[in-house]
Amino acid sequence: MTFALSFRNVLPVLLWQAAAAVTSTSPPAPLLLAGRTRSRSSRSSASAATSNTLCTHGVNTRLAFAAGGFGASSSKKTKGKSKKKGFGASSSKRTKLKGKSKKKGKIKKGILTDLDIVTPSSSPERAVGATGPGADQATSTGPELDRFGLPINPTLEDIFPPLGDDVEVVPVESTDYQTKLEDVRSIMKDHIPLNYDIFDENGVENIAVDGGMTGGSPMKLRILHNSPPVLAIDNFFTDEECEEYIRISSQPCDEDVDDADSSAALMVDSKTFALSTATRTSTTWFCHYRQVPTLLAKASRLLDNLPLERMEEPQLVRYRTGEQFSYHCDEVPAPQLGNGGQRVATLLVYLKTLEGDRGGATIFRDLKDAGGKRLGMRPVKGSALLFFPAFANGTPDDRTLHKGEIAIDEKMIGQIWVHERRYKPAVPPGNSHEAAVDSVKAKEIELGYRR
């Protein structure tokens with residue numbers, strides 16, 4: 001198994017250092033843009049509570065890079081290059097990229113704005129190996145770099161290099177494979193634990209729990225991929241639980257981020273991490289923990305009775321026709337690790353079914369299914385997807401690069417991320433884990449998880 005430092009690991013740090021170098025100031029305290037445009041940017045990346053790190057998609061997409069965000073730590077950061085290693089690059093020696101410097105944006109108050117990210121087709125003269133006008137500005141080893149050492153016209157492969165041949169990627173062995181609990185235990189040995197006691201040898205939930213009944217059909221674990229582990233969970237939510245979660249989107253929303261007494265969810269457009277280059281065109285509701293006791297109770301039980309304090313703000317995300325979330329990794333950028341450490345689990349719950357030709361699937365670029373096709377999970381109402389952006393020790397796993405496919409029909413998901421340690425929520429105002437304790441306990445009793 002190979003660990004190698006790749007461009008996808010160091011880009012967030014380079015961007016952070018670039019902003020700091022131009023402004024000659026320390027990184028600012030957490031910054032909330034609340035979905036409003038800033039300067040001439042079409043979107044502002046301001047949230048440390050939402051996904052995610054690094055991706056490019058589309059032509060002439062204008063993005064903003066913020067030096068803080070929801071849940072970001074305001075503690076002093078140590079300067080220097082990131083030394084974190086992970087999957088995602090060949091171990092072969094790479095030639096240093098060269099090229100002329102060209103300023104592509106403006107730095108204002110710690111934010112790099114108006115950075116043009118374009119595909120090769122929109123600027124062919126700068127593509128690797130190009131000929132004709134501008135070809136002298138490119139090299140055979142990579143794209144032209146700007147003054148910060150970042151590609152001026154990066155492709156997806158520039159930002160997320162293909163995995164090397166020596167990186168371990170192990171798909172499910174056959175299309176007729178039936179999940180066994182012992183196999184789940186085996187592939188999860190380097191990740192946060194599951195509560196194996198609630199499943200039988202075939203990964204089916206034991207319906208009776210402490211004398212109670214969970215209601216509905218039992219959950220069923222299915223292994224979609226062995227290494228990195230990717231799991232589907234059938235029947236995670238009942239139809240009624242899905243509808244209850246969706247109703248959050250029709251409730252009054254709190255758009256006054258200074259109102260700490262509000263009990264409403266906070267609705268924002270297309271929030272991603274500060275320093276993200278991913279394109280996200282969905283709408284997100286950041287929920288109070290106490291609004292979603294069913295999600296918290298079930299997630300905690302599944303993840304070996306995980307403490308609520310390690311969970312990020314729960315979210316409801318809506319993708320309307322034509323909306324998407326381009327390729328990205330869920331790992332937390334280095335400057336924001338002060339709040340809870342790295343994300344070690346991603347749990348998505350599909351609240352609506354989208355048929356096979358209606359888009360909206362979650363796709364993993366570098367992983368294959370048993371039939372050799374790119375691994376993906378189509379939204380089925382009540383089902384959940386569980387994967388791991390980092391190992392239990394906090395080392396990011398770049399093999400989990402994924403995207404939310406363009407939706408033709410409306411797609412809605414509930415989602416939550418789990419951190420290495422206690423996470424301090426930032427939105428909505430007044431949100432806290434402690435406020436949800438009683439409602440989660442009541443839901444656990446109702447579901448038969450406790451007496």
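Helices (H or I, at least four residues) and strands (E, at least two) are DSSP runs, numbered from the N terminus. By that definition, the chain in this predicted model has 6 helices and 18 strands. Residue numbers start from 1 along each chain as its sequence is written, and side-chain values use heavy atoms, with hydrogens and water left out. Because the model is predicted, local features need pLDDT of at least 70 and side-chain atom pairs count only at pLDDT 80 or more, while totals for chains, interfaces and linings use all residues.

**Confidence**

- The chain has a mean pLDDT (the predictor's confidence in each residue, from 0 to 100) of 73, and 61% of its residues reach 70 or more.
- Residues 10-140 have pLDDT below 50; this stretch has 340 contacts (heavy atoms within 4.5 Å) in the model beyond near neighbours in sequence.
- Residues 271-276 also stay under 50, with 51 contacts beyond four places in sequence.

**Whole chain**

- Of the 451 residues, 57% count as buried (under 20% relative accessible area, with exposed over 50% and partly exposed in between; 1.4 Å probe, protein chains only).
- Taking contacts between residues at least 6 apart in sequence, 78% join residues at least 24 apart.

**Sheet**

- An open sheet is formed by 9 strands in the order E4-E7-E8-E16-E13-E18-E11-E10-E9, with antiparallel pairing (two strands pair if DSSP finds at least two bridges between them).
- Strands E4 (170-171) and E9 (266-269) stand at the edges with a single partner strand each, so one side of each has no neighbour in the sheet.
- Within the sheet, E8 (residues 230-234) pairs with E16 (residues 384-387) in the antiparallel sense over 4 bridges.
- Leu-231 stands opposite Leu-386 in E16.

**Helices H5 and H6**

- The axes of H5 (residues 293-302) and H6 (residues 437-447) come within 9 Å and cross at roughly 70°; axes are lines fitted to C-alpha atoms, for helices over the stretch in contact, and angles run from 0 to 180 degrees between N-to-C directions.
- H5 and H6 are therefore roughly perpendicular to each other (65 to 115 degrees; under 35 is roughly parallel, over 145 roughly antiparallel and the rest oblique).
- On the H5 side the contact is made by Pro-293, Thr-294, Leu-296, Ala-297 and Lys-298, and on the H6 side by Ser-439, Val-440, Lys-443, Glu-444 and Leu-447.
- Glu-444 of helix H6 is buried, with a relative accessible area of 13%.
- Apart from neighbours within four places in sequence, Glu-444 contacts Ala-297, Tyr-449 and Arg-450.
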